[in-house]
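Here is a short tour for anyone who likes to check a fold by its geometry. Please keep the viewer open beside the text as you read.

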Amino acid sequence: MFESLSQRLNQSFKALRGQARLSEDNIRDALRDVRMALLEADVALPVVKDFVAEVRQKALGEEVLRSLSPGQVFIKIVNDELTRLMGSHNDRLDLQARPPVVILMAGLQGSGKTTTSAKLALWLKEREKKRVLMVSTDVYRPAAMEQLASLGRDIAVEVFPSHPSQAPVQIARDALDAARKQVYDVLIVDTAGRLHVDEEMMAEARDLTAAVQPTELLFVVDAMTGQDAVNTAKAFDTALPLTGVILTKADGDARGGAALSIRAISGKPIKFLGVGEKVRKGLEAFHPERMASRILGMGDIVSLVEQVQQEVDVEQAQRMTDKLRKGKGFDLEDFREQLRQVERMGGLTSILDKLPGMSEIPSEAQEALQDKKPMRRLEAIINSMTMEERRHPEIIKASRRRRIAAGSGTTVAEVNKLLKQFEMMQKMFKKMGKGGKGLGRLLGMNPRNLMKGGMPFQ
């Protein structure tokens, strides 16, 4: 998300970084580039005008014009304004209400409400330790109820049974009654959508809202629809008491115009970003300050550390640390486990996207990183080895390499390349072992400490 915007903004900042002083002329030139970058990212025109005006007013202030590093200060102003535009801080779900807390999911057909309902249920179960019940009131879309039931089974979250012959309001009331009697913490109500906004859909959503009195009424919208997402959010907010927005398919939106416009146009906070089609690890809390940092190419180390702490097996990482500290070798069995850890964290793209400087990487290289096939081929090669070969890679000579290549459906050249990469990692981990740091270092970091004093600007 925001790839094209990040590249355009960083190009416009390069000229400013080399200036000893800022003038009205070079600020005007930079703002013209910023304005074009935002418009190309499909940000709403009124939002762009307000944003540029705010940045201009602050950039022409005494502090900036007299600063010894005016380019850095200008970038910080843009960062602060991007953060403000997207909401300044993460708006958490209100889970303090008397249980069961009701969360109603609204949106157009095809926006991903059902999958997002399951993603949110899993997020609440794993992150907030809540007991969640889901229910579908979509009596119009074929197999909608079966889809939610199937997703519920996959993530081990209970789904209240419903049937297309029932009335949506009655389904919701029965589910709420069951949630109360069975002492659930949260009830997620998945509603029906239409291909476009119409009064029938809004009337049904209003009736459901009146029936279950949701604490959170979340509007689910496809980020890739750009300005349509913003306009639809505004229409829904006019008809319903929305409390927040979930942007789905955010990883497929290279522009990011919806994320930058929705808060300003609708006044409702973005609470989550939906990424990928898989339910597991497919929902991220939306932090405006971290997103602004990523847009400007400064990465999101805080989220990366949180992701590591959440996804990495702490005990396994500690065993690896102890192993290296004692001088025992890093073998191919360990290498395979590292590949699996990366996969659990959403792949290389998910990790690298949060590192500073990713916007400088050419789009062709970024697309190559998104391809998960090479990672899977590496694991297939290791799986084709015997346990002795994994533990003692030095015994893998020519005949063994040919057998491994045939067994994994790869080539001898690919096997050779993997072993070369492994040797490089082995040397790196030997150095880490001598320092006594090991792989557990990230796990001990407190994400809050990273934000003290703010993120560095370059």
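A residue is called buried when its relative accessible area is under 20%, exposed when it is over 50%, and partly exposed in between, using a 1.4 Å probe and protein chains only. At 2% relative accessibility, Glu81 therefore counts as buried.

Before going further, a word on the source: this is a predicted model, in which local features need pLDDT of at least 70 and side-chain atom pairs count only at pLDDT 80 or more, while totals for chains, interfaces and linings use all residues. Residues are numbered from 1 along each chain as its sequence is written, and side-chain values use heavy atoms, with hydrogens and water left out.

Glu81 sits in helix H5 (residues 70-86); helices (H or I, at least four residues) and strands (E, at least two) are DSSP runs, numbered from the N terminus. Not counting residues up to four places away in sequence, Glu81 touches Phe51, Glu54, Val55 and Lys58, where contact means heavy atoms within 4.5 Å. With Lys58 there is also a side-chain to side-chain polar contact of 2.6 Å. Such a contact is a pair of N or O atoms within 3.5 Å; within protein, one must be able to donate a hydrogen and the other to accept it, and residues adjacent in sequence count only if both atoms are side-chain atoms. Glu81 and Ala292 are 211 residues apart in sequence, yet their C-alpha atoms are 8.7 Å apart in space.

Thr248 belongs to strand E6 (residues 244-248) and, at 5% relative accessibility, counts as buried. Its side chain reaches the backbone oxygen of Ser111 at 2.7 Å. Beyond its neighbours within four places in sequence, the contacts of Thr248 include Thr116, Val220 and Gly274.

**The sheet**

Eight strands form an open sheet with mixed pairing, in the order E3-E2-E4-E1-E5-E6-E7-E8. Strand E3 (158-160) and strand E8 (283-285) are the edges, each pairing on one side only; two strands pair if DSSP finds at least two bridges between them. From one strand to the next, the twist averages 25 degrees. E5 and E6 run parallel and are joined by five bridges, with Leu218 opposite Gly244 in E6.

H9 packs on the sheet, touching E1 and E5, and its direction makes about 175 degrees with that of E1. H11 lies across E5, E6 and strand E7 (270-274), running at about 170 degrees to E6. For these angles, axes are lines fitted to C-alpha atoms, for helices over the stretch in contact, and angles run from 0 to 180 degrees between N-to-C directions.

The expected span of a helix is 1.5 Å times one less than its number of residues.

| Helix | Residues | Expected span | C-alpha span, end to end |
|---|---|---|---|
| H10 (227-239) | 13 residues | 18 Å | 19 Å |

H6 is mostly covered, with 11 of its 15 residues buried, among them Lys113, Lys119 and Trp123. After H6 comes Lys129, whose phi is positive, near 55 degrees.

Which residues of H10 are buried? They are Ala229, Val230, Thr232, Ala233 and Phe236. Seen down the axis of H10, these fall within an arc of 165 degrees, so they line one face of the helix; the arc is that of the directions from the helix axis to the C-beta atoms. They pack against strand E1 (101-106), helix H9 (199-212), strand E5 (216-222) and helix H11 (257-266). Exposed Asp228 and Thr238 are carried on the face of H10 turned away from its buried side.
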